[in-house]
Amino acid sequence: MYAMSEVSTAAAVTCAGAAAWLLGGPYSGARRAHLLLAGGGVAGSGPPAWQALALELRRLRARWRPEWWAPVAGAVLAVLGASVLPIVAGAAAVPLLRRMRRAAEARRAGERRGDAVIALCAALAGEVRAGRQPGEALQRAVRDSGGLGEAQAPVLAAARFGGDVPQALAVAARQPGAGGLLGLAACWRVAVDQGAGLAAGLDRLEGALRAERDQRADLHAQLAGPRATAVMLACLPALGLLLGAALGADPLHVLLHTAAGLGCLLVGGLLEGAGVWWVLRIVRSAQGA
């Protein structure tokens, strides 16, 4: 009884310490009290207290990364289970979760860049139909759409000073999600070399890029089921631990302090990782096809 009380007290202290650190570290309570009580309603003393608090929370959110919840959860489980293994597992999960987060951010950035390329084609076609020269039209369309990212300056320089615009667009197309710029470079080269209509080619390119984007969106919706299966597989061990604790079986003690429990933990972790990897492999294969 006393041991369980001490473990619960230690867990509560750990959670309270983690919450206090997340909210800004030591003396953050005094600083917020000063913001709320000292200068919130005095004219000329700075922004209102709620604005200062919201700004601080936004800064904290920008500084905190989701993968750091893994060692926090590991510390809580280590206190509850009186073992260092959860801390080690939580620390080992940080690089993997960071890699997954960065991959997701890169994928979202690529999707936004692809949408910007489509907007660039539409804007350039409109500028050409308005009677502007291709170089001037490209400059205005690039500034309006912002779809070239870091490669915007070379493309603008090539369009302004009569450089090799298709080559600059081909270089810009190396960015993730900007593959449609290769089609724009081809349209530009055909229009300049053979005198073909640039606006008509851009319209066809825009339609093809929109169709490809819609196809990817449809595939993403169809793969929602396998992704949900992967999430469910990842959450099943936690659900099992909660059910065991609710039944009074003390699963953490069995898993972390007995030979059979450690063996089951190792085998279960391997099977869990293999299952999630297999589902994600199916999803990637479907996306690649």
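How many Å² does the accessible surface of the protein chain come to, and what percentage of it belongs to carbon and sulfur atoms? The accessible surface is about 18,100 Å², and 66% of it belongs to carbon and sulfur atoms; accessible areas come from the Shrake-Rupley method with a 1.4 Å probe, and for residues only the protein chains shown count as cover.

The model is predicted: local features need pLDDT of at least 70, side-chain atom pairs count only at pLDDT 80 or more, and totals for chains, interfaces and linings use all residues. Residues are numbered from 1 along each chain as its sequence is written, and side-chain values use heavy atoms, with hydrogens and water left out.

**The whole chain**

Begin with a cartoon view of the protein chain, which has 13 helices and 0 strands. Helices (H or I, at least four residues) and strands (E, at least two) are DSSP runs, numbered from the N terminus. Of the 289 residues in the protein chain, 26% are buried. Buried means under 20% relative accessible area, exposed over 50%, and partly exposed in between, with a 1.4 Å probe and protein chains only. Among contacts with a separation of 6 or more, 54% join residues 24 or more positions apart; contact means heavy atoms within 4.5 Å.

Select Gly74, which is found in helix 4 (residues 69–81). Gly74 counts as buried, at 4% relative accessibility. Leaving aside neighbours within four places in sequence, Gly74 is in contact with Pro86 and Ile87. Next select Ile87, in helix 5. Ile87 is partly exposed, with a relative accessible area of 43%. Residues up to four places away in sequence not counted, Ile87 touches Gly74, Ala75 and Ala78. The C-alpha atoms of Ile87 and Ala75 are 5.3 Å apart in space, while these residues are 12 apart in sequence.

**Further along helix 5**

Move to Ala122, also found in helix 5. Is Ala122 buried or partly exposed? Ala122 is partly exposed, with a relative accessible area of 29%. From Ala122, draw a C-alpha to C-alpha distance to Leu205: the two are 83 residues apart in sequence and 9.2 Å apart in space.

Glu127 lies in helix 5 as well. Glu127 is buried, its relative accessible area being 13%. Show its contacts, leaving aside neighbours within four places in sequence: Arg132, Ala137, Arg140 and Asp144.

**Helix 6**

Select residues 134–145, the 12 residues of helix 6. At 1.5 Å a residue, helix 6 should span 16 Å, and its end C-alpha atoms are 16 Å apart, which agrees; the expected span is 1.5 Å times one less than the number of residues. The buried residues of helix 6 are Gly135, Ala137, Leu138, Gln139, Ala141 and Val142.

**The second largest pocket**

Finish by selecting Glu111, Glu212, Arg213, Arg216 and Ala217, which lie nearest the centre of the second largest pocket among its 25 lining residues. Helix 5 (85–129), helix 10 (198–222) and helix 13 (259–288) are the elements that give two or more residues to this lining. On a 1 Å grid over the protein atoms alone, a pocket is an open set of points where a 1.4 Å probe fits, with protein on both sides within 12 Å along at least five of seven lines; lining residues have an atom within 4 Å of a point. The volume of the second largest pocket is about 730 Å³, a volume being the space filled by probe spheres set on the points.
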